[in-house]
Amino acid sequence: MENNKFSYEKRLLHLLSEDSRLTAEKLAVMLDKDEGDIKAMIEKYEQDGVIIGYRTVIDWDKTDYEYVSALIELKITPQRGYGFDSVAERICKYDEVKSVLLMSGGFDLALFIEGKTMREVAYFVADKLAPLEYVTATATHFVLHRYKEDGMMYRPAQKDERGNII
Amino acid sequence: MLDLNKLVSERTASLKPSGIRKFFDILDEMKDVISLTVGQPDFVTPWHIREAGIRSLEEGKTYYTSNAGLSEVRDEIANYQKRRFGLEYNPKDEIVVTVGGSEAIDIALRAIINPDDEIIIPEPSFVCYAPLAELASGVAIRLPLREEDDFKLTPELLKSVITPKTKVLILPFPNNPTGAVMEKEDLEKIAEIIRETNIIIISDEIYAELTYNTTHCSISSLDGMRERTIVVNGFSKAYAMTGWRLGYTLAPPILTKQMVKIHQYCIMCAPITSQYAALCALRDGDEDIEYMKMHYDSRRRLILKGLKDIGIDCFVPGGAFYVFPNISKFGMSSEQFCERLLNETHTAIVPGTAFGNCGEGFARISYAYSLDHIEKALENISKFVKSLKHE
């Protein structure tokens, strides 16, 4: 019997979302389940598209690599019978485009784009996105500084300052 | 010449300083130590709770509250206790908001102890019970619990120490340092004995939210127990709020009235900022508890498996965030084991004797640390144990 209001499935997804390095072997111990069951469950989540991928969050500013990213707002004329899907799916095909989100409010699609330089990103917007049929307007906002991403803060590891009280 | 040693209170002077201090002094001097010694959560207080405290400051709520605590906080404590543990207490005259669980234990003892009353303290347990009982002019009767009983208080052990002078039984479950839990059927057996006596129970339930197999059962919920029980609880462990220093007592009006008097004279009231933060925790913090518990439970299983792989026997704890492995087979005292582990691998765990003499042969390992940290410590313990085999 277990005393946890979070289901086993929810706990598995929580643990993986916070640390995708956790192996099935380790997860089996942590959740008191069979390793084979954990593997099967993860595979099913992958097949069903619940787990989309496994990433490492990198602070590129701390590396020597050139890297810029931008948020692009797009206004789109929806297509009869397809709405925004057809245009959104076409935009998804570009490697430079890291995220595509349909938004409520003053514009329709929000994109996150990555490139080596601001010029590269600006050209991509001007050459590839703006001319697309049904795209009626674009607005480009460059990211100046990252504070937090995917639940993680961009800052050095915190020192453990807890007092030794038993 | 003024000799201050002769002027200090004899009773206070007779209290032994916590034995663990020496060990922590060595620890503090050492650099790059992987420590599993801390007795508090590694989570930061959830932001919405912190924000509620901040907001109260912004709104200028910087004054004393009523002695027993803000009435909204007491109302919400009553709701919370009913919702989570099925206990019913009247916020008007049965709840006192205190400065941490420690103050709650202190005022509970002082409210009921007369000189030479005996206080039964099951050990291993948190270090404050005996000194506070003695400061209240009582006599601490330490009752060693046994690994073979899963570190539970058994009726036989209890009966063996009850005398006509017994006034109080401390029930420290879920337990620091063993992680032992008393389930309803275990408590029934204790209640059966206590019902025939005038003994008052102080049930320290600060780890009540951190139980991994069953929902915590308070002895106060059993027939005839509510009238003779002071429940101590607080916010430190459930909501990762140790630094806010906020706890509370639940007890019948006659006992509460006495506790409020002591609290009023020595504390006045618990800090108002902490009380407003706690109000938010009580109303919207259930999900935070489950989230943190999920992590503790995962680490508990991982650390138990790690110790088993190393070849260290360990009782399976059902609560709190500690494991209490048996290290007696390594042929040294708990203190020697922990000092050598520290010196040779820069890994710190707490000797079991810090929690009573019966903790000899054991050590406490806290898993209120990140997985990476725990795994590194387990690696070091493994290396140390292997090195012992080659001696």
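1. A residue is counted as buried if 20 or more other C-beta atoms lie within 10 Å of its own, as exposed if 12 or fewer do, and as partly exposed in between. Tyr134(A) has 16 C-beta neighbours inside 10 Å, so it counts as partly exposed. The model discussed here is a predicted one.

2. Tyr134(A) also deserves a look for its backbone. Its phi is near 80 degrees, a positive value in a residue other than glycine. Tyr134(A) sits in the loop between α5 (118–129) and β4 (135–142) of chain A. For context, most residues other than glycine have a negative phi, and most peptide bonds are trans.

3. The loop between β7 (229–234) and β8 (247–250) of chain B holds Arg245(B). With 18 other C-beta atoms within 10 Å, Arg245(B) is partly exposed.

4. One runs from Glu123(B) to Pro124(B), with omega near 5 degrees; Pro124(B) belongs to the loop between β3 (118–123) and α7 (129–135) of chain B. Another joins Asn176(B) and Pro177(B), with omega about 25 degrees. Pro177(B) is placed in the loop between β5 (166–171) and α9 (184–194) of chain B.

5. On the overall form of chain B: the chain contains 14 helices and 14 strands. Its radius of gyration is 21 Å, close to the 21 Å that the globule rule gives for 391 residues, so chain B is as compact as a globular protein of that length. The C-alpha trace of chain B spans about 65 × 60 × 50 Å along its principal axes. Of its 391 residues, 50% count as buried. Among contacts in chain B between residues at least 6 apart in sequence, 75% join residues at least 24 apart.

6. Helix α13 of chain B, residues 334–345, can be described in some detail. The helix has 12 residues and reaches 16 Å from its first C-alpha to its last, close to the 16 Å expected at 1.5 Å a residue. Its buried residues are Ser334(B), Phe337(B), Cys338(B), Leu341(B) and Leu342(B). Seen down the axis of α13(B), the buried residues fall within an arc of 125 degrees, so they line one face of the helix.

7. What covers that buried set? The cover of the buried residues of α13(B) includes α3 (20–29), β12 (347–348), β13 (350–351), β14 (363–366) and α14 (371–389) of chain B. Just after α13(B), His346(B) takes a positive phi of about 55 degrees.

8. Chain A is divided into domain 1 (8–47) and domain 2 (60–149). Taken over C-alpha atoms, the centres of domain 1 and domain 2 of chain A are separated by 33 Å.

9. The contact between the chains takes 18 residues from chain A and 23 residues from chain B. On the side of chain A that touches chain B, α1 (8–18) and α2 (24–31) of chain A each supply at least two residues. The largest share of that side, 4 residues, comes from α2(A). By class, the side of chain A that touches chain B has 8 nonpolar, 4 polar and 6 charged residues.

Note on methods:
Residues are numbered from 1 along each chain as its sequence is written. Chains are lettered from A and ligands numbered from 1 in the order in which they are written. This is a predicted model: local features need pLDDT of at least 70, side-chain atom pairs count only at pLDDT 80 or more; totals for chains, interfaces and linings use all residues. Two residues are in contact if their C-beta atoms, placed from the backbone, lie within 7 Å. Ala, Val, Leu, Ile, Met, Phe, Trp, Tyr, Cys and Pro count as nonpolar, Asp, Glu, Lys and Arg as charged, and the others, Gly among them, as polar. The expected span of a helix is 1.5 Å times one less than its number of residues. The arc is that of the directions from the helix axis to the C-beta atoms. The radius of gyration is taken over C-alpha atoms; the globule rule is 2.2 Å times the number of residues to the power 0.38. Domain bounds come from an automatic or database domain assignment.
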